[in-house]
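The sequence and structure are shown first.

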Amino acid sequence: MLGFWRDCKNLYPGTQEPLYIFELGAASGHFTYQFLLCFFEQFEALATPTDRVVYVYTDADEANLLAARQHEKLIPYVKQGRLDFAQFNPAALGPINLQEANFTLIPHKMTYPPVIIANGVLSRLRQDMFFLEHHTLYEAWVAPSQVESDTNTASSSAASAHLH
């Protein structure tokens with residue numbers, strides 16, 4: 001993550017906008033806290049006084065947002081301007097209203113490309129799949145299927161084991 005931040009600084013020198021890191025579906029905030037603790041310890045060793053990164057805890061559930069905003073371990077990051085909150089449903093894209101900064105982010109108008117963390121929510125989001133072959137980009141589809149159990153063959157046992 002720090003390498004990406006440094007690359008952004010080099011690509012967009014002189015920008016005043018922070019790099020935004022969005023955690024989708026942050027829920028309890030356990031990952032949020034651990035990330036903030038580790039990331040900002042390293043960030044402080046490399047950053048200049050004008051460098052800014054804002055971590056945005058997002059969740060669709062207002063109760064999760066309220067609990068996180070009041071959590072004693074997260075409050076110092078809020079006071080430093082390093083943590084903000086937004087009620088956001090990743091399945092319904094749109095502007096992101098930062099609750100602490102009282103500011104609306106419009107993703108396609110941001111200077112730096114946003115960083116997205118979908119730790120616990122990724123499996124519940126609609127996903128697209130693309131692959132590159134011989135300089136041509138292809139779209140692919142994945143369809144779930146059920147492996148029929150046949151205990152007499154080694155290949156079906158391997159397939160069953162792979163699904164666990």
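Asp51 is placed in the loop that runs between helix H2 (30–46) and strand S2 (53–59). The model discussed here is a predicted one. With a relative accessibility of 16%, Asp51 falls under the 20% limit and therefore counts as buried. Its side chain makes a polar contact of 2.9 Å with the side chain of Lys9, and it also reaches the backbone nitrogen of Thr48 at 2.8 Å. When residues up to four places away in sequence are not counted, Asp51 touches Trp5, Lys9 and Phe43.

## Salt bridges

Side chains of opposite charge can pair when their charged atoms come close. In this chain the count comes to three salt bridges, listed below.

| Asp51 | Lys9 | 2.9 Å |

Asp51 forms a salt bridge with Lys9. Lys9 belongs to helix H1 and Asp51 to the loop between H2 and S2, so this pair ties together parts that are 42 residues apart in sequence. Whereas Asp51 is buried, Lys9 is partly exposed at 27% relative accessibility.

Because Glu44 lies in helix H2 and Arg82 in the loop between H4 and S3, the pair ties together parts that are 38 residues apart in sequence. Arg82 counts as buried, at 16% relative accessibility.

Arg69 is partly exposed at 32% relative accessibility, and Glu100 is partly exposed at 35%.

## Overall fold and nonpolar cores

The chain contains five helices and eight strands, arranged along the sequence in the pattern α-β-α-β-α-α-β-β-β-β-β-β-α. Among contacts with a separation of 6 or more, 66% are between residues 24 or more positions apart. Of the 164 residues, 30% count as buried.

The largest nonpolar core has 24 residues, and Ile21, Phe39, Val53 and Leu83 have the most contacts inside it. Elements that give two or more residues to this core include helix H1 (2–11), strand S1 (19–23), helix H3 (62–69) and strand S3 (83–87). H2 supplies the largest share, five residues. Leaving aside neighbours within four places in sequence, Phe39 is in contact with Met1, Leu2, Ile21 and Val53. Another core, of 13 residues, lies apart from this one, and Phe88, Met110, Ala118 and Val121 are among its members.

## Surface features

The accessible surface of the chain comes to about 11300 Å², and 54% of it belongs to carbon and sulfur atoms. Phe130, Leu132 and Leu137 form a nonpolar patch on the surface, with about 360 Å² of accessible area together.

Ile106 is located in the loop between strand S5 (103–105) and S6. Its relative accessible area is 34%, and it is partly exposed. Ile106 and Pro95 are eleven residues apart in sequence, with their C-alpha atoms 4.9 Å apart in space.

Technical notes
Residues are numbered from 1 along each chain as its sequence is written. This is a predicted model: local features need pLDDT of at least 70, side-chain atom pairs count only at pLDDT 80 or more; totals for chains, interfaces and linings use all residues. Side-chain values use heavy atoms; hydrogens and water are left out. Patches are made of residues with over 30% relative accessible area and no salt bridge: like charges are joined within 9 Å, nonpolar side chains (Val, Leu, Ile, Met, Phe, Trp, Tyr) within 5 Å. Accessible areas come from the Shrake-Rupley method with a 1.4 Å probe; for residues, only the protein chains shown count as cover. A salt bridge is a side-chain nitrogen of Lys or Arg within 4 Å of a carboxyl oxygen of Asp or Glu. Helices (H or I, at least four residues) and strands (E, at least two) are DSSP runs, numbered from the N terminus. Buried means under 20% relative accessible area, exposed over 50%, partly exposed in between (1.4 Å probe, protein chains only). A polar contact is a pair of N or O atoms within 3.5 Å; within protein, one must be able to donate a hydrogen and the other to accept it, and residues adjacent in sequence count only if both atoms are side-chain atoms. Contact means heavy atoms within 4.5 Å. A nonpolar core is a set of buried Ala, Val, Leu, Ile, Met, Phe, Trp, Tyr and Cys residues joined through side-chain atoms within 4.5 Å.
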